[in-house]
Amino acid sequence: MLLAIDVGNSHTVLGLFDDEDLLEHWRVSTEARRTADEWAVVLQGLIGGSSMIGAGAVDGISLCCSVPSVQHEMREMFRRHFGDVPAVIVEPGVKTGVPVRMDNPKEVGSDRIVNALAAVQLYGGPAVVVDFGTATTFDAVSAKGEYVGGAIAPGIDISVEALSRRGAQLHMVELVKPRTVIAKNTTEALRSGIVFGFAGQVDGIVDRMAQELTDDADEVTVVATGGLAPMVVDECETVDVHEPWLTLIGLRLVFQRNT
């Protein structure tokens with residue numbers, strides 16, 4: 001079985017694949033100060049505690065990481081605790097099959113390349129991937145499967161936290177779908193602005209990207225992913241597919257290309 005690990009700035013998502021089937025998945029907080037041994041305890045606890053699999057079942061690991069300090073500890077953990085298990089870390093030099101048409105390809109996060117690979121494999125190009133994480137990222141993929149660029153906006157959680165911190169009479173709210181756009185109280189007003197505001201942002205950026213990608217914007221498949229996607233994706237008019245495990249699927253594909 002393949003263990004796929006997507007380390008983001010706020011959360012780490014892990015999944016266990018049996019061939020193409022995702023058997024288990026977990027989400028834990030990304031702790032930049034967690035050591036290699038502590039990560040090993042977390043992973044072994046999750047795997048060993050699964051009712052579907054047993055300890056020692058992992059025979060491959062695929063990792064993408066947005067936090068350099070965590071990637072260092074993950075690399076050390078693989079060496080110390082999974083030394084006999086083939087591991088692929090998505091970084092420069094690893095085969096992804098996705099040409100990166102950027103001024104500096106090394107600047108592009110490995111998770112964004114992995115997402116582009118999975119989107120093309122699943123739905124074809126041209127495509128736009130919208131990843132709702134710490135930041136909301138927009139990634140454009142050409143009809144040839146090339147990563148041609150993207151956009152980065154503040155994420156939902158960051159924006160909500162900043163608003164509550166800077167607004168004297170505003171407070172943190174649970175993000176659920178508001179009943180109406182025109183709210184009758186402050187809590188509902190915050191929810192309306194957040195949910196419908198981010199949905200409008202997504203639709204606006206996606207529309208502009210689609211026009212730049214191709215003469216026929218209807219050809220572009222828009223794929224939403226990321227832990228915060230369920231909050232707003234239903235209100236987005238441009239999103240065609242919600243694939244919560246897009247990055248894990250991409251990691252599986254990268255592992256296959258490199259082993």
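**Figure 1. Salt bridges in the predicted model.** Eight salt bridges occur in this structure, which is a predicted model.

**Figure 2. Arg80 and Asp37 form a salt bridge between two helices.** The closest N and O atoms of the pair are 3.1 Å apart. Arg80 belongs to helix H2 (residues 68-81), and Asp37 belongs to helix H1 (residues 36-48). The contact therefore ties together parts that are 43 residues apart in sequence. Arg80 is partly exposed, with 46% relative accessibility. Asp37 is also partly exposed, at 36%.

**Figure 3. Glu188 pairs with Arg191 within helix H5.** This salt bridge brings the closest N and O atoms to 3.2 Å. Both residues sit in helix H5 (residues 186-213). They are three residues apart, about one turn of the helix. Glu188 is buried, with a relative accessible area of 10%. Arg191 is buried too, at 14% relative accessibility. Both values fall under the 20% cut-off for buried residues.

**Figure 4. Arg179, Glu188 and Arg191 make up a salt-bridge network.** Glu188 takes part in a salt bridge with Arg179 and in another with Arg191. Between Glu188 and Arg179, the N to O distance is 3.9 Å. Which member of this pair is buried, and which is exposed? Glu188 is buried, at 10%, whereas Arg179 is exposed, at 70% relative accessibility.

**Figure 5. Strand S9 is mostly covered.** The strand spans residues 221-225, and five of its five residues are buried. Both faces are covered. On one side lie Thr221, Val223 and Thr225. On the other lie Val222 and Ala224.

**Figure 6. Strand S9 pairs with strand S6.** S6 comprises residues 127-132. Five bridges join the two strands, which run parallel. Which residue of S9 stands opposite Val128? Val222 does. Val222 is one of the buried residues of S9.

**Figure 7. Strand S9 also pairs with strand S10.** S10 comprises residues 241-242. Two bridges join S10 to S9, and the strands run parallel. His242 in S10 is the bridge partner of Ala224. Ala224 is buried and lies on the side of S9 that also holds Val222.

Notes:
Residues are numbered from 1 along each chain as its sequence is written. This is a predicted model: local features need pLDDT of at least 70, side-chain atom pairs count only at pLDDT 80 or more; totals for chains, interfaces and linings use all residues. Side-chain values use heavy atoms; hydrogens and water are left out. A salt bridge is a side-chain nitrogen of Lys or Arg within 4 Å of a carboxyl oxygen of Asp or Glu. Helices (H or I, at least four residues) and strands (E, at least two) are DSSP runs, numbered from the N terminus. Buried means under 20% relative accessible area, exposed over 50%, partly exposed in between (1.4 Å probe, protein chains only). Two strands pair if DSSP finds at least two bridges between them.
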